[in-house]
Amino acid sequence: LPYDLIGLINYIYKKEYKFADVLELLNSPDKKFDGVDGNFYFKNNMIERELDILKINNGNSFVIN
């Protein structure tokens with residue numbers, strides 16, 4: 001979750017969103033964000049995830065699903 005949070009904050013910062021823009025973004029279940037182990041989005045003020053199954057090999061991760 002910390003990685004996801006930093007990615008979300010970076011996205012908001014780069015877009016130069018105002019507070020109202022952030023609220024709209026977080027209340028839009030159509031907007032999905034890339035996470036370490038799959039996409040995530042907000043629905044009813046909760047984080048929902050589309051988890052990927054990863055294979056770790058020699059320190060690298062690969063999506064296998």
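Modeller: Start with glutamate 50. It is partly exposed, with a relative accessible area of 30% (buried is under 20%, exposed over 50%, partly exposed in between, with a 1.4 Å probe and protein chains only). The model is predicted, so local features need pLDDT of at least 70 and side-chain atom pairs pLDDT 80 or more, while totals for chains, interfaces and linings use all residues. Residues are numbered from 1 along each chain as its sequence is written, and side-chain values use heavy atoms, without hydrogens and water.

Glutamate 50 has a charged partner. It forms a salt bridge with lysine 32 (a side-chain nitrogen of Lys or Arg within 4 Å of a carboxyl oxygen of Asp or Glu). The closest N and O atoms are 2.5 Å apart. Glutamate 50 lies in strand β3 (residues 46-51), whereas lysine 32 lies in the loop between α2 (19-26) and β1 (33-35), so the pair ties together parts that are 18 residues apart in sequence. Helices (H or I, at least four residues) and strands (E, at least two) are DSSP runs, numbered from the N terminus. Lysine 32 is partly exposed, at 37% relative accessibility. The count of salt bridges comes to 1.

Now follow β3 to its partner strand. β2 and β3 run antiparallel and are joined by 6 bridges (strands pair if DSSP finds at least two bridges between them). Two of the residue pairs can be named. Phenylalanine 42 has isoleucine 47 of β3 as its bridge partner. Lysine 43 is the bridge partner of methionine 46 in β3. The hairpin of β2 and β3 has 2 residues between the strands. Asparagine 44 in this hairpin takes a positive phi near 55°.

Lysine 43 itself sits in strand β2. Its relative accessible area is 43%, so it counts as partly exposed. Two C-alpha separations place it against other parts of the chain. Aspartate 4 is 39 residues away from lysine 43 in sequence and 16 Å away in space, C-alpha to C-alpha. Isoleucine 12 is 31 residues from lysine 43 in sequence, and their C-alpha atoms are 18 Å apart.

On its other pairing, β2 meets β1. These two strands are antiparallel and share 3 bridges. A hairpin of 2 residues joins them. Here phenylalanine 33 stands opposite phenylalanine 40 in β2.

The largest nonpolar core has 7 residues in all: Leu8, Ile12, Val22, Leu25, Phe33, Phe40 and Phe42. (A core is a set of buried Ala, Val, Leu, Ile, Met, Phe, Trp, Tyr and Cys residues joined through side-chain atoms within 4.5 Å.) The elements that give two or more residues to this core are α1, α2 and β2 (38-43).

Contact means heavy atoms within 4.5 Å. Leucine 8 touches Leu25, Leu26, Phe33 and Phe42, with residues up to four places away in sequence not counted. Isoleucine 12 lies in helix α1. It counts as buried, at 16% relative accessibility. Leaving aside neighbours within four places in sequence, isoleucine 12 is in contact with Tyr17, Val22 and Leu25.

Glutamate 16 lies in the loop between α1 and α2. Its phi is positive, about 55°, although it is not a glycine. Glutamate 16 is exposed, at 66% relative accessibility.

The remaining hairpin to cover is that of β4 and β5. Strand β4 (residues 54-57) pairs with strand β5 (residues 60-63) in the antiparallel sense over 4 bridges. Asparagine 57 has asparagine 60 in β5 as its bridge partner. The hairpin has 2 residues between the strands. Asparagine 58 is placed in the loop between β4 and β5. It is not a glycine, yet its phi is positive, at about 55°. At 72% relative accessibility, asparagine 58 counts as exposed.
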